[in-house]
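Here's a walk through one protein model and its ligand site, written for someone who likes cut-offs next to the numbers. Have the viewer open while you read.

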Amino acid sequence: MKNLMSKIISLSKRRGFIFQSSEIYGGFSSCYDFGPLGVKMKNNIKEVWWDDMIKNHENIVGLDAAILMSPRVWEASGHLTAGFADTLVECKSCHKRFRADEIKKQGKDRGGTAPKVCPECGGELTKPRKFNLMMRTFVGPVEEKAAVSYLRAETCQGIYVNFENVLNSMRLKIPFGIAQIGKAFRNEITPKDFIYRTREFEQMEMQWFCHPKKATKYFNFWVKERIRWYQNLGIKKKNLRIKEIPKKELPHYAKKGIDIEYKFPFGWREIEGIHNRGDFDLSNHSKYSGKDLRYFDEETKEKYFPYIVETSGGVDRSFFVFLVDAYQEIKGGRTKTTKPTKEVEILLKLHKKLAPIKVAILPLVRNKPELVKKAKEVYQMLKPYFRSQYDELGSIGRRYRRGDEIGVLYAMTIDFDTLKNDDVTIRWRDSMEQIRVDIKKLSEVLKQLLADEIEFNKDDKLIKTLSKQTLF
Ligand code: GAP
């Protein structure tokens, strides 16, 4: 679709999904604020991920570790010494980073000076600089070397340093997983592409601790599981792919890795990494902390460092993917009218679990107090149980379209028949089909619609299905 990025950015601002941080001061580079609808949708994404990890898989527990940790953690993890602190140049176009010394060597090998363009895509390179992606801060009142700490660059380090605490307190046995969602910070050289690459972002990470001999099996298992998660939430298969990371490009901690990539308007890009981290983390934390983090298997009497298979996804990147994948435009409008119209209708076909607002309650017109009164009663009835909104401004068609644009699933119209029969029309966002439902049964019908894949159609199959379930 033409100009999809600017359309998504415009919709995000116009309808309260995402705002530029500190906008009234001219904005703050690479930071974004999630508005009223954005925060609901973001929380939905996190909830669905959390539920999938904790409820749908056995032996996974949760954690919420502090963002600030001992600086020793980052020495042990390699973030202060390895790839995170090299002299780098970065391609402004494809964002691949190259060690400045390697680029120089390439130039010498060719008998000239260092190339000024990206060896991968020919894009312009930034100037070489000592670059550590860790965000430094000072803990306590004195800004001295001893007080230096870091905002975490990945959430998983909080999991590794709590490995023993979680193992013992929850009486777990290998294999098991620890899941965590939280903020991470990286001083990215060239943040760009809206919320794709930012300096402050959120990660959803799960670290799976297993016997070294089983790591490959679990690695393959988690790749499939994570692809399934995106597809179950409606992401089109054709827009997802797996990229195997070549050995020389692997992060310093990984033995093997793949990226799950999505076809963004600006090309295929990583949305999640799955890594076999071997025993890199636990053995290094053992060495640096002096604490033996090996696991003792009571049955086999074996003592070993478990291998870690991690799934590491970005909340913000998933958010972006869900928005882009759901965005549709219908030229001429969706409603068949006799007159051709130039209007372009926007439909945000978000998965029902992710849509920030599930239900809209709409009086047919707002100048009839009895309709408004009834609609407000229905709104008050549904509000505690469903993410609902009440809307009385503009024509009913316009209100439907306002709802479609932000992904509202079910719109309920309170009309004159409602006053006679105590029932309402429910209109489904995706097909615009409508059914008539008794107000007394409304909550139950909505609960079913939101929970299951029950077919929504005019023949009242839904109602019949529900009636068999002793609702009526
Ligand atoms: N613990 C492993 C790890 O952090 P990563 O590939 O560096 O691996 C994992 O990051 C995920 O975190 C990425 O796939 C992406 O979704 C998200 N992420 C990383 N850097 C990001 C950034 N600057 N802005 C937004 N999301 C980012």
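Predicted model: local features only at pLDDT ≥ 70, side-chain atom pairs only at ≥ 80, totals over all residues.

What follows goes from the overall build to the ligand site, then to a few individual residues.

## Ground rules

Residues are numbered from 1 along each chain as its sequence is written, and side-chain values use heavy atoms, with hydrogens and water left out.

## The overall build

The protein has 14 helices and 23 strands. Both are DSSP runs numbered from the N terminus: helices are H or I with at least four residues, strands are E with at least two. The C-alpha trace spans about 80 × 60 × 50 Å along its principal axes. Of the 472 residues, 51% count as buried; buried means under 20% relative accessible area, exposed means over 50%, and partly exposed is in between (1.4 Å probe, protein chains only).

Contact here means heavy atoms within 4.5 Å. Among contacts between residues at least 6 apart in sequence, 64% join residues at least 24 apart. The accessible surface comes to about 23700 Å², with 51% of that belonging to carbon and sulfur atoms; areas come from the Shrake-Rupley method with a 1.4 Å probe, and for residues only the protein chains shown count as cover.

On the charge side, there are 87 positive and 63 negative side chains, and the centres of the two sets lie 4 Å apart. Lys and Arg count as positive and Asp and Glu as negative, while His and the chain ends are not counted. Each charge is placed at NZ of Lys, CZ of Arg, CG of Asp or CD of Glu.

## Around the ligand

Which residues come nearest to the ligand? Out of the 22 around it, they are Glu-154, Arg-186, Thr-198, Glu-205 and Glu-270. To be near, a residue needs one of its heavy atoms within 4 Å. Strands β10 (200–210), β13 (267–278) and β16 (307–314) each supply at least two residues of the shell, and β13 gives the largest share, six residues.

For polar contacts, the criterion is a pair of N or O atoms within 3.5 Å; within protein, one must be able to donate a hydrogen and the other to accept it, and residues adjacent in sequence count only if both atoms are side-chain atoms. An N or O atom in the Glu-154 side chain is 2.7 Å from a ligand nitrogen. Gly-314 puts a backbone N or O atom 2.9 Å from a ligand oxygen, and the Arg-317 side chain has an N or O atom 3.5 Å from a ligand nitrogen. Taken alone the ligand exposes 560 Å², and the protein buries 93% of that.

Arg-277 sits in strand β13 and counts as buried because its relative accessibility is 1%. Its side chain makes polar contacts with those of Tyr-160 at 3.1 Å and Glu-310 at 3.0 Å. Leaving aside neighbours within four places in sequence, Arg-277 also touches residues including Glu-154, Gln-207 and Tyr-253.

Glu-202, in strand β10, is buried too, with a relative accessible area of 7%. Not counting residues up to four places away in sequence, Glu-202 touches a set that includes Lys-42, Lys-46, Lys-183, Gly-314 and Asp-316.

## A helix residue under cover

Buried or exposed: which is Met-41? Met-41, in helix α2 (residues 36–54), counts as buried because its relative accessibility is 0%. Beyond its neighbours within four places in sequence, Met-41 is in contact with Phe-17, Phe-319, Phe-322, Leu-323, Leu-350, Leu-354 and Pro-356.

Most residues other than glycine have a negative phi, and most peptide bonds are trans. The bond from Ile-174 to Pro-175 is cis, with omega near 5 degrees, and Pro-175 is in the loop between α6 (163–169) and β9 (176–185).

Lys-301 has a positive phi, near 60 degrees, and lies in the loop between β14 (295–296) and β15 (303–304); at 55% relative accessibility Lys-301 counts as exposed. Asp-422 also has a positive phi, near 55 degrees, in the loop between α12 (416–421) and β22. At 26% relative accessibility, Asp-422 counts as partly exposed.
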